[in-house]
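Colleague: I've got a model open and I'd like to learn how to read it. Can you walk me through it?

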Amino acid sequence: MKTKVLLVTLLAVIAVIGTACGQATSDGSQRPPRVERTQTSSSQVPAYQTAVSAGALRPTLAPERFIGPTQDAYRVAREIPETIAQLPCYCHCDKSIGHKSLHSCFEDTHASQCTICVSEALMAYDLQKNGMTPAQIRDRIVTLYSRAE
């Protein structure tokens, strides 16, 4: 009986992972692969995207689901998705859960439980309001968080 329960649980986990990795849209079609960063394998900079269009990004969760700075960060992810997608997330969720950029953190509830994700998004919004490009914002974040590691 324990073996049967374990097998069913394992199959359910595999199905969930397979669905998440396939990134199927609501109509069942597959999204094209995202353009990823190109860096040397020795780099410690987490994953980010270099060529982004808002239409190619998955939707983020509704900011109204959250409160305080977390709500503000989810709102930012909706307002400047192309910029957020071009930023690495320094909680290293690219390695732990397969996120492709900071934008991925706001596609699910991950960012709601992570002060790094929230802080980076709010910082990016302020920097963009002050005229910085996504590449300049990314450089600032890399510099800031690389020192902390």
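Colleague: Let's start with one residue. Where does Leu87 lie?

Modeller: Keep in mind that this is a predicted model. Leu87 sits in the loop between H3 and H4.

Colleague: Is Leu87 buried or exposed?

Modeller: Buried means under 20% relative accessible area. Leu87 has a relative accessible area of 0%, so Leu87 counts as buried.

Colleague: And what is Leu87 in contact with, leaving aside its neighbours within four places in sequence?

Modeller: Quite a list, including Ala47, Tyr48, Leu102, Ala124, Pro134 and Ile141. For a sense of distance along the chain, take Val142: Leu87 and Val142 are 55 residues apart in sequence, with their C-alpha atoms separated by 8.8 Å.

Colleague: Let me zoom out. What does the secondary structure of the chain come to?

Modeller: Seven helices and zero strands. Read from the N terminus, the elements go α-α-α-α-α-α-α.

Colleague: How much of the chain is made up of buried residues?

Modeller: The chain has 149 residues, and 36% of them are buried.

Colleague: Which residues of H2 are buried?

Modeller: Thr70, Ala73, Tyr74, Val76 and Ala77. They cover an arc of only 155° around the axis, so they sit on the same side of H2.

Colleague: Why would residues at that spacing point the same way?

Modeller: An α-helix has 3.6 residues a turn, so residues three or four places apart point the same way. As for what lies against them, the buried residues of H2 pack against H3 (81–85), H5 (102–105) and H6 (115–129).

Colleague: Pick one of those residues for me. Is Val76 buried or exposed, and why?

Modeller: Val76 is at 5% relative accessibility, so Val76 counts as buried. Beyond its neighbours within four places in sequence, Val76 is in contact with Ile84, Ala121, Leu122 and Tyr125. Met123 is worth a look too: Val76 and Met123 are 47 residues apart in sequence, and their C-alpha atoms are 9.9 Å apart in space.

Colleague: What about H7? Which of its residues are buried?

Modeller: In H7 (134–148), the buried residues are Ile137, Arg138, Ile141, Val142 and Tyr145. Down the axis of H7 they fall within an arc of 135°, so they line one face of the helix. Those buried residues pack against H3 and H6.

Colleague: Then H6. What does it pack against?

Modeller: The buried residues of H6 pack against H2, H3, H5 and H7. Those buried residues are Cys117, Val118, Glu120, Ala121, Met123, Ala124 and Leu127. The length check works here as well: H6 has 15 residues and reaches 21 Å between its first and last C-alpha, close to the 21 Å expected.

Colleague: How should I think about a core?

Modeller: In soluble globular proteins, nonpolar side chains tend to be buried together. Here the largest nonpolar core has 30 residues, and those with the most contacts inside it are Ile84, Leu102, Cys105, Phe106 and Cys117. H2, H5, H6 and H7 are the elements that give two or more residues to this core, and H6 gives the most, with six.

Colleague: What does Phe106 touch beyond its neighbours within four places in sequence?

Modeller: Among its contacts are Thr60, Leu61, Tyr74, Ile84, Ala111 and Cys117.

Colleague: And where is Glu107?

Modeller: Glu107 is in the loop between H5 and H6. With a relative accessible area of 11%, Glu107 is buried. Its side chain has a partner: a polar contact of 2.9 Å joins Glu107 and His103.

Methods: Residues numbered from 1 in each chain as written. Predicted model: local features only at pLDDT ≥ 70, side-chain atom pairs only at ≥ 80, totals over all residues. Heavy atoms only, no water. Buried < 20%, exposed > 50% of the residue type's maximum accessible area, 1.4 Å probe, protein only. Helix = DSSP H or I, 4+ residues; strand = E, 2+ residues; numbered from the N terminus. Arc of directions from axis to C-beta. Contact = heavy atoms within 4.5 Å. Core = buried A, V, L, I, M, F, W, Y, C linked by side-chain atoms within 4.5 Å. Polar contact = N/O pair within 3.5 Å; in protein donor to acceptor, adjacent residues only side chain to side chain. Expected span 1.5 Å × (residues − 1).
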